[in-house]
Amino acid sequence: PWGIHVVRTIILYRTDTGYVYRVDTGWQAESDGKFNFTYFIQLPGDTFTTPFSSYFKIHPGVVLGLFNIQNIVEINIPAFKTNSAIKNNQWYLDPNNNPVQNLKGSDIIVSASLQKITFDADVEIEGAVLGQVNGLVPSKGIVGYVQLAPMGIPLSANALTALITSENGSIGGPLDCVVDINNSKQRMRLNRFDVSNEINLNTNGVFVAAGRGNVLLPKDGSWSMVTHQASSGDVSPLPENITIPLIRVGELQMTSNGDVQLGTNPVDQLLRIANPTEILRAPSFNTINYGFLQNTGTQKALFLTPAFQSGVQQLLSKTPPLFADAYRIISSKSIFPNIGDAVSNFKDAIPLNADHFLPGSITDAGAQVLQLMQVANNVADAAGQLQDQAYKLLRSAEDFDLPTTPLSLIDEDFLKLFIEYQTTPTNPDGTKGATTQGKLNYDMDSLAGATADKAKSMMGNLAMVVTLGPFDRLMLIKGNFNSQKGSESNFQGSATDPSLPSAEIEFSPALQTVVQILQILQDLSGGDYKDAMAQGLKIAMSNNAGTWEYKFEASKEIPLIRFPLGLLYNDPEVPLKLEASLKVGVYFNSSLMVTNDLNQLLPTVGAYLGFYGQLTVMCVSLAAATVYAVGQVTLDIAADTAKGPSLDMKFGFGVQLVVGLPVVGNVSVLYMVGVEIFTSSTEIKVTAFLLFKGHAELLGGIVGITITIEASGTIDRTSDRTDCSAQVTFAIDISLFLVIDIDFSTSWEESRQIA
């Protein structure tokens, strides 16, 4: 497909001795490989004509020509056979080498025969900066075909298409060079060049030359190459054995003297990382795009359809940059969420700018963010080794607005989890303030001195909303999701922007009373309730690189709060004792153990709320003895995609006798009765229990003895059976400060199926 004219000369001569000798020169190149398929026919009158000057439509891209062709070797395989066509009014040579013009009004179908060969040449590759000598890159073992028939005219476009198809879609050879793509300072290592059909049938006769290799991406910022299937919207890592093509629109035209040149100035055309099938057509159902993926750990940015303009040190694209925050990554098990067709349907990704970048169309800094990438490449030493490239993303004076539509993560009757890219603060008087739209501040600067400044993606004003069963918007986790290179992602205020608020939890009115009780207890205990609420939130995210399965957990726990504090809590003369704790959380793809086999862990999604409270009130006080009334409650509400919704309520009432003895210490006896009810989508369990607990402290607490006796009876109803069980537990604990610690417990249990 290179348009190289070759000749083979066979000489027969007889010597004086009578021997006849045969000399075969083999195939020798008469021209360079400039994709020039012009042919000449000598007509009567000794005049020459160029009857056909544009036989194929060839877009050479960075492959400017093949020179110094030598070592042409035939491959010992049968010649390739196909049919070619002589067009109407086209001149050709008949078997007797006479010029004839096709005047039949239709194509003449003739047989074509081509012999496969290999050869060596110096290839002129545009922008080669390493591996070249005077602009030429040596290549050995280039594949080609010598046309044996028809004689005197090139193949038809359909015949050349069939030939390329027989070579699995491309004919080419090896390379080893580094190019500066369109003088943009972006480097790419080429290891192959070839010619391929634009489309399978190639009825329009378009052929595309491409340089193939790998873009040299910087180590900082976790850059990688990916592919995008327009038919499914899926984004996948580039397979290790696949190289990416570099192409450009620009068709060769024939000049009046029979030479070839580009019909358009290459400076006016973009060099694109795209398949040859996409050189002219608009994106379609079977389009496969390439893209640069930048990963900050828990948030990712995708730059599809990369292109480079001559002399412009920017990454250009007609596709807006796509962003996937932590929550969109959670719901995806691939390297990047499904993005639809990347033209009109962005599906699970956030398009950060609706204005597609075209040369000269950017008029303000806000439209340049994430669409312009400054690239710095240098030669490290005289040997020509490249330093690591550095991408620099131009920073905008403005942040990007995040979507106004909530992102639904789970939508079940019993559990709803969704993300709101906006927050509405609650004023001290309980009223709602003005809603603030979520913002994204994205910055890439591999040349930055501080590690944290090399890769940043900060999302402000987010809220995770949890609805459990009938409790609408039970809790909201609000804050800013920040990701910086060299540090763990967090849901806190930005270290570089103190104006951003820290994370907080907002509860629904159904929980507000509980929260107020905790605040009162914390305030009475002398602690800082607001700091406890803000600092207790824990967020963790991880992923399995083999399956791209992301895991996310957010939990908040307020540990047991007691009033009054310290030793005063056990004083027998305290009139009122309070204690309470709270835990809330959500999780995605966490491992839930549904059997006793540790190897059978089921990934699941869910949320939970747990509350514990106990109130102890003095009833009677006689000298050193005090009688207390005790009430205790434990409430756990949960919903899980694997197990469904569940509710666990445990409450008990009892009496406690506390005696303070001089010198010896305090002695207390607690007697409590209660009931526990657990219900889920598959089970109902009702338990009645009786608790006796005695505790004695001697010598001011140096010696402590605790005896516990608990008896319970349970009715457990599942979908196919009902069980009744009884259990009694006895436990004793004896401790001598820093010397002895003895604990012993034993249980008796009996279970029977009753229905």
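## Strands, rings and a loop residue

Strands β16 (residues 223-229) and β22 (residues 288-295) run antiparallel and are joined by seven bridges. The model is predicted.

Aromatic rings come next. The count is eight aromatic pairs. Trp2 and Phe193 form a tilted pair, with 5.3 Å between centres and 50 degrees between the planes. Trp2 sits in the segment before β1 (6-14) and Phe193 in strand β14 (residues 187-197), so this pair ties together parts 191 residues apart in sequence. Is Trp2 buried or exposed? Trp2 is buried, at a relative accessible area of 3%. Phe193 is buried too, at 0%. Ring pairs also bring in Phe35, linking Trp2, Phe35 and Phe193 into a cluster.

The table lists two cases.

| Charged end | Ring | Distance to ring centre |
|---|---|---|
| Lys577 | Tyr628 | 4.9 Å |
| Lys650 | Phe689 | 5.1 Å |

Finally, a loop residue. Ile77 lies between β6 (63-74) and β7 (80-86). Ile77 is partly exposed, with a relative accessible area of 38%. Which residues does Ile77 touch, not counting those up to four places away in sequence? They are Gln115 and Lys116. Ile77 and Lys116 stand 39 residues apart in sequence, yet their C-alpha atoms are 7.6 Å apart in space.

Technical notes: Residues numbered from 1 in each chain as written. Predicted model: local features only at pLDDT ≥ 70, side-chain atom pairs only at ≥ 80, totals over all residues. Heavy atoms only, no water. Pairing = 2+ DSSP bridges. Helix = DSSP H or I, 4+ residues; strand = E, 2+ residues; numbered from the N terminus. Buried < 20%, exposed > 50% of the residue type's maximum accessible area, 1.4 Å probe, protein only. Contact = heavy atoms within 4.5 Å. Phe/Tyr/Trp six-rings, centres within 6.5 Å; stacked < 30°, edge-to-face > 60°. Lys NZ or Arg CZ within 6 Å of the ring centre and 35° of its normal.
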